[in-house]
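Here is a quick tour for anyone meeting this structure for the first time. Have a look at it first, and then we'll walk through the main features.

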Amino acid sequence: MSNVHPTVWHRPSLIENPWLRYGLTALALAYLFLSIGSLEIDWERVSKGLPRAASIFERMFPPDFSRWDLLVRGMVESLEMAFAATFIGMFLAIPLGLCAASNLVPRPVYLVARSIIVLTRTFHEVIIAIFFVKIFGFGPLAGVLTLVVASVSFIAKMLAEDIENMGPGQVEAIKATGASFFKLLLYGVAPQILPRYLGVSIYRMDANIRHSTVVGIVGAGGIGQTLSATFSRYDYDFSITILACIIIIVFFGEIFSNWARGRLR
Amino acid sequence: MSLLNTTSEQYPDIWHKHSTKELLTRYFWYLIVVFVAVWSVRHLDIPWFYFLDAHVQAADLGSRMFPPDWDYIDVIWDPLLETIHIATLGTLVTFFIAFPTAFLAARNTTPNTIAWLIGKFILVSTRSVNTVVWALLFVAIFGPGPIAGIWAVAFRSVGFVGKLIAEAIEEIDVGPVEAIEATGASRLQVLLYGVLPQVLPVVFGTMVYRWDINIRESTVLGFVGAGGIGIELYSSINQFAWSEVSLILGTVLIVVVFSEFISALVRSKVK
């Protein structure tokens, strides 16, 4: 009887099958031991971490505000890179996004466009940045191009998904008037996806501001270069100033992006 | 006749989507955007003549990258596994920090306003600093190696995971919570039996989603010495060993696409 009506209530679990649940837990534990065991960790060095963290933290205060010009120049460069890249990326994303929409273009075009998007999305911005630094040399140009590539790939992917999900009615209505492909895009497709496209672009600007602060670490311009230098020179009091500035700018970028996207609707 | 005239004045023959005022604000914003973009590009002082031979450089790079140096796979096998370990262990550490923080940062579970502000501050500040920048800091603390990478990944993810969990907590159904409260349960019991079951799927889904982002992030941690495949990639690039670079990029591509596939699969099962 007690099997049919248990007297004790148990919370329902996330994974219902007990074999699967305990099996997965055992696998996870086994992985944990194996992975920690296989990592090459210098425990002696790591054990010094806590006192070191304390000393670094101590040296961060008081923050150093004396190098304003360096800070402002780096931050402005980062922001300019983000703005320029978003603007260029927005326009370049349109053709790629159209080619990546399966309901607009022939299959081969679709496949090529999709593989470009997957390929550029896979590699981290810093990896792309290092290639542009090798081709164009150090400086903000490499950074702008990196952010352009990342933006095009992101906006085009979103654009293609929106086009694939839009209502077919309007497109068919425009088609029925005998409109050309260009007019079809202008009157059938564009009005349906324009608000989302602008929203995604604004979101991407926000993301570009974040990324523009790191591409400098491999020499692609912006505040990252300065930040990386302060760490290698143990100028931790200046590092904390830069970090605080980045946090504030990113925070305001996010607020602006949310506000602007809210107004679009 | 006069009636007809007023009608045609009130209802113009040509349809416009926007009123004049809407149109003007619209153009005003376009103008600002174009102005900011043009000013940015001009102020950056881009050396445009670099573009003249860019295609030659890129083609040269491409030809040096092929064919990939297949024998090099023996060297990158361990760093590649290390990259995956950094992402997985980092995401695990994230859970233990982000989960309590999310309860602080959610309006309906936070004990008081000060705790809420602290929770929000932790989420915003960890999210605003990029993984690579966190790695710079943790390499200074723990020395070069995967431990610095794990902490960097963990700290960056706290803001992301915590924010999404906090939003999920704020959107829960109050019914079960009130039912548990009515039984005279303690605060902890309410959280455990009323709130937790409702947010658990979101917690799990978010962790898996962040894990696959973290795989991508941990491929570059090596550039600042925080372990993983990035170390090999950086040294191969600096030695101009492009056939090694292409092999590393190929394996990174496979690992990232595969992790994205697993993450999507698991998330579709949880929902």
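A residue is called buried if 20 or more other C-beta atoms lie within 10 Å of its own, exposed if 12 or fewer do, and partly exposed in between, with C-beta atoms placed from the backbone. By that count, 39% of the 265 residues in chain A are buried.

Some ground rules: this is a predicted model, where local features need pLDDT of at least 70, side-chain atom pairs count only at pLDDT 80 or more, and totals for chains, interfaces and linings use all residues. Residues are numbered from 1 along each chain as its sequence is written, while chains are lettered from A and ligands numbered from 1 in the order in which they are written.

The complex as a whole gets an ipTM of 0.81 and a pTM of 0.83.

Now for the fold of chain A. Helices (H or I, at least four residues) and strands (E, at least two) are DSSP runs, numbered from the N terminus. Chain A has 11 helices and zero strands. Its radius of gyration, taken over C-alpha atoms, is 26 Å, whereas a compact globule of 265 residues would come out near 18 Å (the globule rule is 2.2 Å times the number of residues to the power 0.38). Along its principal axes, the C-alpha trace of chain A spans about 80 × 75 × 35 Å.

| Helix | Residues | First to last C-alpha | Expected span |
|---|---|---|---|
| H7(A) (140–165) | 26 residues | 37 Å | 38 Å |
| H11(A) | 29 residues | 42 Å | 42 Å |

H7(A) is largely enclosed by the rest of the structure, because 22 of its 26 residues are buried. In H11(A), the buried residues include A:Tyr236, A:Phe238, A:Ile246 and A:Gly253. Their cover includes H3, H4, H9 and H10 of chain A, together with H5 of chain B.

That brings us to where the chains meet. How many residues of chain B are in contact with chain A? There are 47, and they touch 43 residues of chain A (two residues are in contact if their C-beta atoms, placed from the backbone, lie within 7 Å). Elements giving two or more residues to this side of chain B include H2 (20–43), H5 (113–128) and H11 (242–270) of chain B. By class, the side has 33 nonpolar, 11 polar and three charged residues. Here Ala, Val, Leu, Ile, Met, Phe, Trp, Tyr, Cys and Pro count as nonpolar, Asp, Glu, Lys and Arg as charged, and the others, Gly among them, as polar.

A:Tyr234 has a positive phi of about 60 degrees although it isn't a glycine; A:Tyr234 sits in the loop between H10 and H11 of chain A and is exposed, with 11 other C-beta atoms within 10 Å. In chain B, B:Phe240 has a positive phi of about 55 degrees, and it isn't a glycine either. B:Phe240 lies in the loop between H10 and H11 of chain B, and counts as exposed with 11 C-beta neighbours inside 10 Å. A cis peptide bond joins B:Phe66 and B:Pro67, with omega about -5 degrees, and B:Pro67 lies in the loop between H3 and H4 of chain B.

Terms used
The expected span of a helix is 1.5 Å times one less than its number of residues.
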